[in-house]
Structure formats: structure tokens, C-alpha cells
Amino acid sequence: MTATQTPVVPDLAALQQRAAQRAAERAGGQDRLRGHIVCDGLVRIFKTEGVEVVALQGLDMVIDRGELVAIVGASGSGKSTLLNILSGLDTPTAGIARVADYDLLNLSAKRRLSYRRKKVGFVWQQTGRNLLPYLTAQENVELPMELAGGRRRRARRERARELLDLVGVGYCADRRPGQLSGGEQQRCAVAVAVANDPEVLFADEPTGELDEATGAEVFGALQTINAELGVTIVVVTHDHAVASQVRRTVAIRDGRTASEVRRTARIHEDGRTELVSEEYAVLDRTGRMQLPPAFVEALSLRDRVRLNLEPDHVEVRPGDQRRAEREAGA
Ligand SMILES: Nc1ncnc2c1ncn2[C@@H]1O[C@H](COP(=O)(O)OP(=O)(O)OP(=O)(O)O)[C@@H](O)[C@H]1O
């Protein structure tokens with residue numbers, strides 16, 4: 001049996017391949033594929049009443065064109081701060097934040113507006129933030145096109161209809177948000193977010209207020225947009241179902257990229273396809289990395305650790321081996 005014959009997990013690999021192909025076509029060639037979103041040593045410090053909060057402390061992250069990436073992390077780890085910066089709502093204190101050739105540290109007001117209107121789209125957790133209640137779904141999708149200009153009325157109407165169909169809510173076109181379920185509203189929000197054909201879509205907890213089945217439908221709409229339109233998508237989520245279905249999940253801890261899980265489809269000799277997850281720690285340019293909390297706890301690592309350089313790996317041992325053994329035995 002070959003890879004094309006009924007693999008166990010065909011969807012992810014096939015969709016990702018299609019997304020990469022579409023994104024490459026949009027970008028005008030493979031060599032422009034690298035680094036659609038680049039954060040390097042990204043810092044955001046908030047100052048309130050003389051107190052400084054370092055929300056991002058040198059975050060590094062590169063996302064390629066056409067990727068669909070999930071960002072996870074505990075509350076307060078800096079996810080919303082990162083998304084606000086990447087969506088052009090907030091300005092970083094230092095470092096590099098670049099999206100599709102827009103340097104987000106140095107944007108004029110005019111360029112910021114064009115960035116927000118044309119380059120990126122957003123889906124927020126609160127459905128009320130995504131859709132205007134007094135417009136129908138169709139009108140909601142047409143509105144951003146009208147504001148951006150450039151498309152005639154008929155073209156706007158046709159595109160809105162196509163996008164609603166693409167995310168599976170064509171039947172909701174003439175209804176107002178109040179007449180839609182939470183999942184339908186979020187799928188309409190996805191159509192609104194891509195109305196002006198953005199290169200990147202940011203979604204902040206898009207399934208956060210939905211039950212599992214409805215959340216899966218909304219995530220399915222994001223996957224379709226990624227695969228069919230080649231839009232790069234970054235989803236901040238606490239939803240395990242979402243995080244486990246993307247090819248790459250980036251975990252943020254204390255304002256830094258702590259680790260990444262990459263999933264690849266492995267094809268066995270008997271033709272079975274298996275989804276394999278591998279966890280990586282992220283090493284920054286100065287050689288810093290964070291050990292996963294489970295590793296630290298398992299060996300009671302504290303204060304300082306011993307490092308040994310081996311020909312093909314680095315060993316990390318408890319600094320005080322005897323104490324660690326005592327605690328492990330206790
Ligand atoms: N406007 C602000 N002023 C002061 N501190 C802020 C501001 N925004 C965020 N912070 C602080 O920055 C840190 C990161 O917050 P952020 O909202 O980015 O975390 P998060 O990972 O999105 O959390 P959650 O999952 O709860 O939304 C927190 O300590 C937070 O209190």
C-alpha cells in the first residue's frame with residue numbers, strides 16, 4: 001500500500017502540503033517562503049504607576065509562509081501581548097517584530113493602518129468583537145472590503161458569498177449575528193477576517209467560548225482558509241484539540257519561547273501512517289534555553305546544573321547529585 005492509499009491521518013499532511021503550495025504561489029517562489037513572521041529578541045515592558053512588568057523578555061519565533069501554528073502557554077505568559085504586537089495594536093519596547101516585510105517597531109500611522117486593513121486579519125475570542133450586530137453575515141463580510149476600497153459592489157457581494165460558503169456558513173448570509181450560534185458567528189468572523197485577502201490571520205482563542213464539537217468546526221474553517229487561500233495562521237489557544245491538530249505548537253513561558261512540538265506524518269512499511277510528535281526546546285542566539293518543567297521536577301534540578309559536552313549531545317545533571325538522589329528517593 002502506498003502513502004496515497006487510505007492513510008490513518010491523511011488530512012493534516014495533505015492540507016499542510018496544499019497550504020504550502022498555495023502560499024508559495026502567492027509569494028512568487030519558494031525562496032521567499034522563509035520567515036513570514038519573525039520575532040527576534042522581542043521585548044515588551046509595561047510601566048504602570050512606576051512598576052515595570054516585563055511581559056515579553058526576548059522572545060524568538062519564526063513562522064514560515066503558509067504555516068498554521070498554535071501558540072500555547074499559561075495565563076500571564078505573554079500570549080496576548082505577542083498577538084497584540086503582531087496584529088499592530090501595540091508597539092514592542094525592543095527587538096525585532098516583522099510580518100510580511102512590515103517592521104512593526106517602526107510603522108508610521110498610515111502604514112499601520114494599511115497593515116491592519118490589508119495584510120492581516122483577526123478573529124477574537126469574543127464574538128461581539130468580530131461582527132457588527134446590526135449587519136447581516138453577508139454585510140459583515142462586505143464591510144472590510146468597502147472600507148479598503150478597490151472592489152465594486154457586485155464583486156464584494158460575490159466574494160462575501162464565496163467566503164461564507166468556504167467556511168461552511170453560506171446558509172447564514174442573510175442572518176444577523178444574534179440569529180447565529182456561537183460557532184456560526186466564529187466561522188463568519190473567519191470569513192470577515194480574510195475578506196481583504198490578508199497574508200496572515202491571527203486568532204486569539206477562537207474556540208474558547210465553544211463546546212468541543214462546535215470548536216472543531218471553527219478550527220476546520222481555519223484549516224480550510226489555510227489550505228485553500230494559503231494564508232499563514234497563528235492561533236493562540238488553550239484548546240488541546242486545536243493544539244494537537246496543527247503541525248507546530250509553540251509554547252511560551254515567562255515571555256519567552258520555551259519549547260515547540262512538531263508533528264509529522266510517518267509512513268510505515270506496511271503503509272500505515274502515524275502522526276509523530278516531537279518536543280524541542282528553543283535555543284536563542286545567546287545559547288539560552290528553558291528545560292521543560294517536568295524534566296526539572298523529575299530530577300529535582302535547582303539553582304545550578306552540571307553540563308557535559310559529549311560528541312553529539314549535551315548532558316544536564318543535577319549540580320548536587322547526592323541531594324537529588326535523596327530527594328528522588330524520599
Ligand atoms: N497593559 C498592561 N499593563 C501592565 N501589565 C500588563 C499589560 N498587559 C499585560 N500585562 C502583563 O504582562 C504579562 C503577560 O500578559 P498577557 O496578557 O500577554 O498574558 P497571556 O499569556 O495572554 O495570559 P492569558 O492567557 O490569561 O490571556 C502579565 O504579567 C500581565 O499582567
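Figure 1. Strand β9 (residues 248-253) and strand β10 (residues 256-267) run antiparallel and are joined by six bridges. Within this predicted model, Ala251 stands opposite Ser259 in β10. The open sheet holds seven strands in the order β6-β7-β8-β3-β9-β10-β11. Its pairing is mixed. β6 (120-123) and β11 (273-281) are the edge strands, and each pairs on one side only. From one strand to the next, the twist averages 20°.

**Figure 2. Helix α7 packs on the seven-stranded sheet.** The open sheet shown here runs β6-β7-β8-β3-β9-β10-β11. Its edges are β6 (120-123) and β11 (273-281). α7 packs on this sheet and touches β6 and β7 (200-204). The direction of α7 makes about 165° with that of β6.

**Figure 3. Helices α7 and α8 pack against each other.** The angle between α7 and helix α8 (residues 212-229) is about 15°, and their axes are 9 Å apart. That angle makes α7 roughly parallel to α8. The crossing of α7 past α8 is right-handed. From α7, the contact takes Gly182, Gly183, Gln186, Arg187 and Val190. From α8 come Thr214, Glu217, Val218, Ala221, Leu222 and Ile225. By class, the contact of α7 with α8 has five nonpolar, four polar and two charged residues.

Figure 4. The axes of α5 and helix α7 (residues 182-193) come within 8 Å. They cross at roughly 25°. α5 is therefore roughly parallel to α7. The crossing is right-handed. On the α5 side, the contact is made by Ala137, Asn140, Val141 and Pro144. On the α7 side, Cys188, Ala191 and Val192 take part. The contact of α5 with α7 divides into six nonpolar residues, one polar and no charged.

Figure 5. Helix α5 (residues 137-148) and helix α6 (residues 153-166) have axes that come within 9 Å. The axes cross at roughly 125°. α5 brings Ala137, Gln138, Val141, Glu142, Met145 and Glu146 to the contact. α6 brings Arg156, Arg157, Arg159, Ala160, Arg161, Leu163 and Leu164. The residues of the contact of α5 with α6 divide into six nonpolar, one polar and six charged. Ala137 and Val141 of α5 belong to the contact with α6, and these residues also belong to the contact with α7.

**Figure 6. The four-stranded sheet is open and antiparallel****.** Its order is β2-β1-β4-β5. The edge strands are β2 and β5 (102-103), each of which pairs on one side only. Strand β4 (residues 94-99) pairs with β5 in the antiparallel sense over two bridges. Val99 stands opposite Tyr102 in β5. α2 packs on the sheet and touches β1, β2 and β4. The direction of α2 makes about 65° with that of β2.

**Figure 7. Twelve named positions surround the ligand****.** Phe46, Thr48, Val53 and Ala55 are among the residues around the ligand. Gly73, Ser75, Gly76, Ser77 and Gly78 are also part of this shell. Lys79, Ser80 and Thr81 complete the list. The elements that give two or more residues to the shell are β1 (37-48), β2 (51-63) and α2 (79-86). The largest share, three residues, comes from α2. By class, the shell around the ligand divides into three nonpolar, eight polar and one charged. Two of these contributing elements, β1 and β2, are strands of the four-stranded open sheet. The third, α2, packs on that sheet.

Notes: Residues numbered from 1 in each chain as written. Predicted model: local features only at pLDDT ≥ 70, side-chain atom pairs only at ≥ 80, totals over all residues. Axes fitted to C-alpha atoms, helices over the stretch in contact; angles between N-to-C directions. Contact = placed C-beta atoms within 7 Å. Nonpolar A, V, L, I, M, F, W, Y, C, P; charged D, E, K, R; others polar. Near = placed C-beta within 6 Å. Pairing = 2+ DSSP bridges. Parallel < 35°, antiparallel > 145°, perpendicular 65-115°, else oblique. Left-handed = near helix turned anticlockwise from the far one by under 90°.
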